[in-house]
Structures are given as structure tokens and as C-alpha cells.
Amino acid sequence: MRARNLALVLGAVGARGSVTRAALAEMTGLTKTTVSKLVGDLIEGGLVVETGAVRDGERGRPGVEIRISGQHVAALGLEINVDYLAVCVVDLARTVRLRRTQAVDNRAAPPVDVIAQLGDLAAAVVDEAVEKGLRVVGGVLAVPGPVDMTSGVVHNAPNLGWRDVPLASLLRFPFPVRVENEANLAALGELWFGSGLPDFLHVSGEIGIGAGLVVRGRLFRGAHGFAGELGHVVVSPAGPPCRCGGRGCLEQYAGQDALLTAARAAPFRRAALDRRVADTPPTSGYLSAGIPQKNAAETPVAAQEKTPGSSGATQAGATQAGATQAGATQAGATHRRPAETPVAGQKDAPETPGAAQEKMAETPGAIHKRPAETPGAAQEKPAETPGAVSATIPLEMLLPAQQGVSWMLSRLREGDEKARAACERAAWALGVALSSAVNLVDPDAIVLGGIYAPLFPWIGHMVTDTMKARLGQMRGAVPPVVVSRLGAEAAALGAAGQVIEQVMADPAALLHS
């Protein structure tokens with residue numbers, strides 16, 4: 001009974017922000033004596049703090065307001081992604097106190113080595129948190145692949161090259177740490193630290209693509225916890241092979257590697273893309289990769305992949321991006337800090353609550369305040385002469401180190417036709433996959449995060465237009481497509497947020513430890 005009442009009082013304080021003992025008694029139905037005892041226990045445990053006297057009414061003694069304390073208890077959010085490791089510390093008041101990101105090539109790296117490196121990064125951050133007077137009580141690790149929530153086994157993380165890895169058993173921390181799918185955690189991060197929408201589908205674009213579905217403020221996991229593998233929705237059955245074992249998956253068109261590789265290939269013509277959106281087979285103006293007319297009846301992207309050299313170029317780019325990770329790793333890491341974008345600012349934001357939130361809030365507005373740099377401006381440039389894509393991309397043509405998505409952004413702002421075409425191709429594929437998702441789960445909104453946040457001005461309209469073309473006969477309007485203000489930080493924040501939610505739901509467990 002006491003444990004339930006502690007959770008009831010702490011939840012009421014969290015919901016109201018600040019509240020007196022008298023108001024807590026009224027809200028919870030508990031006696032004032034019981035509330036005072038419970039509040040005393042929560043203060044002693046460092047979970048709440050008294051803020052000052054206030055007068056509830058015109059008569060009687062003033063009450064003392066209680067609020068959640070951010071000075072003592074904190075949570076650790078961890079993330080392993082293909083080309084970086086990330087750690088953040090969030091206090092119980094949901095303020096980000098510390099965040100660190102390390103660029104590293106995790107493709108096909110032994111899990112034990114990755115965990116060791118992550119452990120070193122986390123240990124340094126936890127030590128720093130302790131110096132600030134914080135007690136880290138638990139953590140959650142985000143990984144890009146389906147996770148068995150009971151055993152902590154990562155069943156298949158194709159972009160890491162991991163299969164059936166007992167990741168939870170490899171973790172060595174002085175507090176409990178669970179393992180969870182990064183796309184699910186990114187959705188929760190958006191729920192708790194971002195838009196706060198109660199019903200939405202969050203799409204996290206990195207080298208892989210994942211999605212998390214939030215319904216009425218709760219994450220939908222599916223029967224076995226594997227829901228949300230949007231990156232492996234088939235866009236073109238005859239498309240390039242995917243690391244998951246299938247062909248033509250969304251990741252092969254809209255993942256980070258695919259985007260950066262396509263930006264170096266010959267662009268396709270806008271007219272051909274417009275026909276794609278309308279879902280009518282093109283009869284002229286084929287993709288400038290040199291599609292033979294006999295393939296006109298095929299799905300446009302499928303036809304492109306059958307072009308001699310085209311599929312090879314796509315696969316070669318992905319393969320070489322993995323083999324020459326000096327470029328691809330730091331390219332991926334750079335997208336965490338893209339030059340001149342609001343998302344970049346988050347990484348160097350002052351570690352104070354106000355400053356951190358202000359940086360996050362700048363993202364949507366800043367993105368939409370660049371009308372001169374939108375895809376429309378770039379479209380005024382004439383399309384380049386069609387030409388066949390080379391079967392292989394020379395190493396010197398791969399993106400140099402420390403460029404990645406920030407390089408892509410700079411090319412887009414300069415009106416580069418190849419970069420714009422790569423974004424349109426990715427956005428079209430994303431729109432196709434999301435159309436299927438909308439038909440299946442009917443989300444109230446779609447939130448684009450990860451690398452799609454800084455790229456939103458060049459992909460947002462195409463994603464929406466493609467969905468309208470495909471869904472127009474089924475519904476009067478498609479869900480709004482909006483940009484996440486968290487970008488690539490969403491998963492680590494969601495991971496820390498899960499620990500906070502656990503403390504709020506069962507404070508007695510923490511007080512007894």
C-alpha cells in the first residue's frame with residue numbers, strides 16, 4: 001500500500017509541476033497526515049524538494065509547494081549506432097545534464113569490443129555526473145535492431161552485422177541497464193522531450209531506418225516487440241539486395257549510405273519523378289541512369305535497379321562505404337553535428353535546462369526560415385545530360401572523412417542537382433513506405449527524425465506529395481508530416497526517459513535500495 005501511495009503522490013507532483021501538500025491530499029484522496037509522511041520520505045530520498053510558501057486561498061496558513069527535484073537522481077541513456085556511440089545523463093526533472101557522442105565504426109565490430117568502448121565513454125560521463133551531485137540509478141541501451149525484451153538478446157542488427165547477440169549479459173554497470181530497440185526509444189524521446197503528440201509514427205533515419213508507433217501516449221511494440229522495422233519495408237521487389245536478406249528495402253533508397261552514394265551518381269530528371277509520384281509508368285524522360293524503354297512498365301525504381309551498372313553503383317557505394325569507413329563513419333558522425341543547422345547546435349548546447357530546451361526548440365523554425373534554400377530553388381537548374389552510372393564508384397569519389405550529411409546540406413544549399421535528386425529519390429521511397437504504414441496503422445501524424453530533420457526542407461514536400469498520390473482515394477487527408485526537434489538525439493533521450501518513468505512509477509524501489 002505504501003509503495004502504491006508513494007507512486008500516487010510522486011505522479012501527482014510530476015503532473016502538476018508544483019503543488020502543496022493540501023492540494024496533493026485533495027488530488028489523491030489521501031489524508032493530509034499520510035501525504036505529509038509520504039512527501040517527507042520523497043524529500044529524504046531526493047526525489048522532490050520544497051520550493052517555498054504559497055497561499056492557496058485567502059484564509060489560513062500558507063502552504064509549501066513541492067516539485068520534482070533534479071539535483072540528486074538521474075538516468076543514463078546509451079546508444080549504439082552504426083557509426084557512433086552516444087551517452088546522456090538526464091535528471092529526474094527531465095533536464096539533460098550531460099551528453100557525449102563518439103564517432104566510431106561499429107560495422108561488423110565484435111559486440112564485446114563495442115560494449116567495452118561504450119563502457120569507457122559511459123564511465124567518464126557517470127563520473128562527471130557524480131561530481132555534479134547526481135546519483136545515476138539506472139540506464140537503457142538503444143541498439144539498431146529487434147531486441148528480446150526479456151533476455152536482452154539482439155536478434156538481428158543487419159547494419160552492425162550482429163545476430164543473436166546476448167547484449168544484456170555483456171553489460172557491466174554498477175546499476176541496472178536494459179536493452180531496447182533504438183527506433184522505439186526515439187519515439188519515446190519524441191513523446192517525452194519533443195513534440196509531446198499523443199498519437200504519431202516517428203521515423204528515425206540513420207544508416208538504417210526504424211519507426212516507433214505511439215498510440216494514446218503509449219508505445220506500440222507488437223506481439224513480440226519487433227514492430228517498427230520500416231527500413232525493411234519493400235519499396236521495389238527487384239531493387240538492390242539489403243543486409244537483412246531481402247531486396248529493394250527502404251534503407252537501400254532512403255538510408256544515409258544510399259543518400260550519400262546517390263548524391264555522387266548521375267541525377268534523374270524531375271519530369272520522371274513527377275510521374276513516379278502519380279504512380280504512372282514513365283514513357284519518356286527516364287531516370288538519367290539510362291533506363292531502356294522496354295522497362296517502362298516496371299516500377300520506376302525497380303527499372304532503375306535493372307539498368308546495367310545502376311544496381312552495381314548502388315551496391316558498390318554501400319559496400320565501399322562499409323569498407324572505407326574512415327569516410328562513412330565520420331560522415332555518419334558528422335550528421336550529428338551538421339554545420340549551420342539547429343541539430344548541430346544541440347550537441348554543443350550549454351548543459352543548463354533552459355539553454356538545452358531553447359536549442360531544441362529552434363529546429364523547426366530555423367529549418368523553415370530558409371525559403372531561398374528550399375528544393376524549389378534548386379529545381380530551377382537545368383537537369384544534367386543523362387548518362388549511365390558506372391558499375392563501381394572509385395574510392396576517390398567516395399565522400400571524404402568528416403563530411404557526410406553536412407556535406408549533403410552544403411550541396412543542397414548551393415543548388416546542386418545531384419544532391420537534390422538524391423533527396424527526391426529518397427523522399428519518394430519514404431513516401432511509398434509510409435503510405436503502407438498509414439494504411440496499416442492509421443497514425444495521427446508522422447514525425448521525421450534523425451538525418452531527416454536537417455534534410456526536411458528538401459524531402460518533406462515530396463514525402464507528403466507521394467503519400468497524397470497513393471492515399472488520396474482512401475482518405476480525405478493524409479497525416480501531417482512534421483520534423484522532429486530532437487533529430488538524432490531522440491533515442492538516447494528516450495532511453496534515459498524510460499528510467500525516469502520507472503522511478504516515477506515505483507519510487508519505493510529506489511528508496512529501499
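**Close-up views of a predicted model**

**View 1. Cysteines without a disulfide.** Let's start with the cysteines: the number of disulfides in this predicted model comes to zero. C244 takes part in none, and the cysteine sulfur nearest to its own, that of C249, lies 3.7 Å away. C244 is partly exposed, with a relative accessible area of 33%. Elsewhere, C423 counts as buried, because its relative accessibility is 0%.

**View 2. The largest nonpolar core.** Here you can look into a core of 51 residues, where V9, V13, L24, L47, V90 and L92 touch the most other members. Helix α19, spanning residues 490–505, supplies the largest share of this core, with ten residues.

**View 3. The surroundings of L92.** Which residues is L92 in contact with, once neighbours within four places in sequence are left aside? They are L47, I68, S69, G70, V73, I500, V503 and M504.

**View 4. Where helix α1 crosses helix α3.** Helix α1 covers residues 2–16 and helix α3 residues 32–44; their axes come within 10 Å and cross at roughly 80 degrees. Angles from 65 to 115 degrees count as roughly perpendicular, so that word describes how α1 lies relative to α3. On the α1 side, R2, N5, L6, V9 and L10 make the contact, while α3 contributes L38, V39, D41 and L42. Sorted by class, the residues of this contact are six nonpolar, one polar and two charged.

Conventions: Residues numbered from 1 in each chain as written. Predicted model: local features only at pLDDT ≥ 70, side-chain atom pairs only at ≥ 80, totals over all residues. Heavy atoms only, no water. Core = buried A, V, L, I, M, F, W, Y, C linked by side-chain atoms within 4.5 Å. Buried < 20%, exposed > 50% of the residue type's maximum accessible area, 1.4 Å probe, protein only. Helix = DSSP H or I, 4+ residues; strand = E, 2+ residues; numbered from the N terminus. Contact = heavy atoms within 4.5 Å. Disulfide = S-S within 2.5 Å. Axes fitted to C-alpha atoms, helices over the stretch in contact; angles between N-to-C directions. Parallel < 35°, antiparallel > 145°, perpendicular 65-115°, else oblique. Nonpolar A, V, L, I, M, F, W, Y, C, P; charged D, E, K, R; others polar.
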